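Visitor: Can you walk me through this one? Show it first.

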Amino acid sequence: MHVPALRQRKGEIPLLLGHFMNQLARRYQPAGEDFSAAALDACQRHSWPGNLRELENFVKRYWS
């Protein structure tokens, strides 16, 4: 089964960002800051050539 590239599924990015933030919140306390509207917009404009792994690593860097 072929899953389209993340750049073709821009509408899923906010959900995925939330998912990765929730994973980190369960692993490390306290919770990090939520993404601003500008950060969400920038994430949706980015092409994410590394797909989910790149997005997950972005959230980890944002968290710290």
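Guide: We will go through helix packing, then the aromatic rings. This is a predicted model: local features need pLDDT of at least 70, side-chain atom pairs count only at pLDDT 80 or more, and totals for chains, interfaces and linings use all residues. Residues are numbered from 1 along each chain as its sequence is written, and side-chain values use heavy atoms, with hydrogens and water left out.

Visitor: At what angle do the axes of α1 and α2 cross?

Guide: Roughly 115°, and the axes of α1 (residues 13-27) and α2 (residues 37-45) come within 10 Å. Axes are lines fitted to C-alpha atoms over the stretch in contact, with angles from 0 to 180 degrees between N-to-C directions. Helices are DSSP runs (H or I, at least four residues), numbered from the N terminus.

Visitor: Which residues make the contact?

Guide: Ile13, Pro14 and Leu17 of α1 meet Leu40, Cys43 and Gln44 of α2. Contact means heavy atoms within 4.5 Å.

Visitor: New topic. How many aromatic pairs are there?

Guide: Four in the whole structure. Ring centres must lie within 6.5 Å; planes under 30 degrees apart are stacked, over 60 edge-to-face, the rest tilted. Phe35 and Tyr62 are stacked, 4.2 Å centre to centre with 20° between the planes. Phe35 lies in the loop between α1 and α2 and Tyr62 in α3 (residues 51-63), so the pair ties together parts 27 residues apart in sequence.

Visitor: Is Trp48 buried or exposed?

Guide: Buried, at 4% relative accessible area. Buried means under 20%, exposed over 50%, partly exposed in between (1.4 Å probe, protein chains only).

Visitor: Which residues do ring pairs link into a cluster?

Guide: Phe35, Trp48, Phe58 and Tyr62.

How values were computed: Helices (H or I, at least four residues) and strands (E, at least two) are DSSP runs, numbered from the N terminus. Rings of Phe, Tyr and Trp (its six-membered ring) pair if their centres lie within 6.5 Å; planes under 30 degrees apart count as stacked, over 60 as edge-to-face and the rest as tilted.
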